[in-house]
Amino acid sequence: MKCLLIAVAAVATLGFPAFAQKIPVVEKQLPNGFRLLLVERHEEPRIAGGWVAHVGSANERPGITGMAHLFEHMMFKGTPTLGTKDAKRDLEIIDEQERVRDQMRAEETLMRAALRRGDVEDITRPEARTPRYKALEEQFKKLVDEQRALLVKNEFDRVYTTAGASKMNAFTTEDMTGYFIEVPSNKLELWCWMESERLLHPVFREFYAERDVVFEERRMRTESTPTGRFQEQFNAMFWDAHPYNWPVLGWPSDIPAITKKQADDFYALYYQPQNITLVLVGDFKPDDAEAMVARYFGRIPKGNQPPPEVLTQEIPSYAEKRYNAEAETNPQLDIVWHAVAAGHRDSYALEVLEQLLNGRTGRLYKGLVLGRQLATDAGAGNQSRKWAGMFEVSAEAKDGVSLDDLERALHEELDRLAREPVPAEELQKVKNNFAAAEYRRLTSTFGILYRLIHAEGVAGWREINEAGPRIQAVAPEDVRRVAAKYLSKENRAVARYTRKAGPGTAGDDDELAGLSPEQKPIARQISSSVKQEKDAAQLRQMLAQMQAKAAQGDPKRQQLAKFIKGVVERRLAELEPKK
Amino acid sequence: MKPLALAVLLAISLPATRPIAAEIPDRPEKLRFPKLAYDPPNPADYRVPLKSGPIAYVVPDRTLPLVTVTVLVRTGAYLDPRGREGIADFAGHLLVRGGTQSRKAEELEERLAFLAAGLSSAVGEESGTVTLNLLSKDLPEGLALLREVLSAPRFQADKLELYRQQTLQSLQQRNDDSSSIHAREVESLAYGTDFWAARQLTGSSIASIAVEDLRAFHRKWFHPANFTVAVSGDFDRGAIVPKLEALFADWPFAGEKPPAIPTDTRMAQPGVYLVNKDVNQGRVSVLLPGLKRDDPDYLAVRVMNDILGGGGFTSRIMNRVRSDEGLAYGASSQFGGGTSFARPFAAGFETKSRTVAYASRIVLDEIQRIAAAPVTDEELNTTKRSLVDSFPDTFSTKGRVAGQFANDEFTGRFEKDPAFWQKLRGRVEAIDKDEVQRVARKYLHPERAVIVVVGQRDEILKGHPDHPAKLGELSGGKVTELPLRDPVTLEPLPSDPPKR
């Protein structure tokens, strides 16, 4: 009886149309293959414009990984008329540069052979360059200097900036490359001019300096962050066959080996009109916008062959995989299961499952953080990509809690969802949040553009309006079924991070190594207060007390006592230096 | 030229209707655009001094069934006593997350989640913020909850312990990413370790925070006289104002007016300050004293900095460090402004260890160059046009209109300069090359630079064989190694001896 009342109350509170708010997209097709999406909005005199090339790192292959992302950078380098004072000489220099680079690549082949023989340890260090390589570098640098004298630096950006554009940027994922900007509403024609020009005849000048920029991006995002390298490797372990297994930024050995010829071929194949969707959101009249877009983008010739789909499918997972990393981070767990691609009939129930787990009233926080107090934070994410998908759960262990205990508790929460149907009110809570999000996503012009680009690049833009009703239709049994189906043992990979010892780390140094996980935080806390103690007499008293208790202590505690004794003695030595 | 003659000329040069088959020009300058008139919203149209105390900015927007209420609170971490850092942050977090007198935290969370309502609170350096965002059908209930949270928070003890544990574990991570080491040292060197904004939470400062501290903090500062309010969304102005009056009426306690924010910063001596950290990319900031946002020079400084390093790909530092040399992914500079005290000038980038010195040299050269010679007409034009023509973006949503105006009220800009937004574009247009150079000379003195570097010390000091720059030659030739600090106590740790 009580349950029924709650259910009735729940329905009564939901007094608004749960999925009425569609994004009013007008879809058009240009004769040469471009798709065009238009959303009219007059809240401000601005137009957010962008386009998505349906190519990402999943379209690459070993040897050219990182190519899609490198293109994202190169697309800002200009056109024959934008970016240089002398288009003819500029193109000649690029050819000459390429000839020097071919010789450098031949030398790099020799350097790699030397690396394989063990003659050199690291060919990326400046000292590892051969004399011939250095001479070629000098030759190349002269050409760069000559080209630089003709360059109009970052002119593509300057034209837009001078026109009052903002938010210009681009991104690359496994599935897509997206470009976007916002312009004043009287400058739609400028957007058409700029974007169609760079698609019609891009010039990839400063290719090699930009490659170095990408390396710095890799250092920044992956190599110099606490867990970046490990996440990259864990991802590569998770995907066996699928090209999702290499990083979007590319493997470090591939990025410098990419040739201009490979880049040109890649562009011709994946940047042809039938592989690109244009998106405009904002203050324009759709008919006018369509006419202008057709005039500018209609110039770009249709490609010769359709871009190939990604054929390689992930093989079934036969055994659980485990990855144990020592990193500069608090102990934490990351568990990933193979799940489904975007638009898959089960993706909606998996989205609901994600939200049942998430948030301060979600299963993970209530179960692991508040209830059993094993974690300080926990979250889940369903990532349905274009070609395949994954479901992820992660948690940071509370100090003193073993990762074994945390992992066990996590699985218990998930097993419960795979066994028992979700109570109606809990499911309704999650659906209410999905419904409200349908409105929240409409608050900004730029936000709509961004969502359309992402949706179009994964499952097609229509998903943005079709997912809502499908999520509202998810039943408790659907959630239970997908939890049972996908979150299985053999279908998962588990990453466990423990703290690596090192200078300035919080604990786990050699002294703490012998302590149990429960003792380590206590040891750290005592150590930190002892180090701040200025009264030597206090410390002496502490030592005496410990001595007295040592006789009756159980062996488990002796390790901790020994540690504390050491800390106190060192602090005493600091306070009372020997004469 | 006479206006009539100009009009005739325009009429001749611009066809009244654009022929569809028109030639596509080879350069974007040849495009002609229709005129775009834009008047910013006027704060007076939205300003409502409530009888119950706060000034509110009320901006109706009937396009979506959503309402956002933001309460700015005159308080801040600057009020934390020395050694007790964290009280403001804890009070800010637990105001909403710690329940109310009539509802336990768990009940409050469940209700908010069921309503799909966002209710959050935080206390930052110089202000507190409490924000409610929900569907307009739930507004009465949401306002009642907001009133409870603001006037009668529970500060539930178990939620305090949880947040203490979460915070302690985040402190343990303070040496894991070089960016957090860098941010911490930048604050100490820019402001002096004694200045309130450079003080950090420590294990012992958060260990001593008790429920009573949070209650006392709340009762002192969370009072309508210290509130400024921004409201936007699905309502009629006439209907919302009485609701806001009721929200703040008959406050159960009398608060205090907070003391002025201390402004006695002291930048470190010029030189290079280096923290050793084993990551393959060095993180660098070049610091110089800055100025306040209401300084008469501020707008010219902003234009100058846009050209130097604030304008992304059109700025000099980005062009030289990234595009020319491929030394960094991001390279930029900023003059923070600061509403109560001057935030520093900071130019920064991340580059591989071996090119840290070389890239730093380039940035110092650019700082020197913009003071030594006038900027080009093209550079100045780009920046001015960008500021003027992207201006409508400031008020792109009704939420931003309410938020911006409430912020101006809170920081005193509205009182001091009520037509600030109306006049801004004209003031930008009036800035010329001399003015840009004058402020560059006044504020940019590379010889006074404090350079903060975090990365592999030995590799960084080696430099790069192709580039003669050495770290020791920058900014007066003094390199000071700063110790890494214990992440929880911030006590200095012993340093590794340099490798031969």
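## Strand pairing in chain B

Two strands count as paired if DSSP finds at least two bridges between them, and strands themselves are DSSP E runs of at least two residues, numbered from the N terminus. In this predicted model, strand 8 (residues 281–291) of chain B runs antiparallel to strand 10 (residues 343–352) of chain B, with 9 bridges between them. Arg283(B) sits opposite Glu350(B) of strand 10 of chain B.

Both strands belong to an open, mixed sheet of 6 strands in chain B, ordered 9-10-8-11-7-12. Strand 9 (331–335) and strand 12 (479–482) of chain B are its edges, each pairing on one side only.

## Helix 8 of chain A

Moving to chain A, helix 8 (residues 228–238) has Gly228(A), Phe230(A), Glu232(A), Phe234(A), Asn235(A) and Phe238(A) buried, meaning under 20% relative accessible area with a 1.4 Å probe, protein chains only. Helices here are DSSP H or I runs of at least four residues. Among the elements covering those buried residues, by contact (heavy atoms within 4.5 Å), are helix 7 (207–223) and strand 10 (389–397) of chain A.

## The lining of the largest cavity

Phe76(A), Lys77(A), Leu151(A), Lys153(A) and Arg205(A) are among the residues that line the largest cavity; lining residues have an atom within 4 Å of a point on the 1 Å grid where a 1.4 Å probe fits but cannot get out. The lining splits into 4 nonpolar, 3 polar and 5 charged residues, with Gly counted as polar.

## Ground rules

Residues are numbered from 1 along each chain as its sequence is written, and chains are lettered from A in the order written. Local features need pLDDT of at least 70, and side-chain values use heavy atoms, leaving out hydrogens and water.

Key
Predicted model: local features only at pLDDT ≥ 70, side-chain atom pairs only at ≥ 80, totals over all residues. Buried < 20%, exposed > 50% of the residue type's maximum accessible area, 1.4 Å probe, protein only. 1 Å grid on protein atoms, 1.4 Å probe; cavity = no way out; pocket = protein on both sides within 12 Å on 5 of 7 lines; lining within 4 Å.
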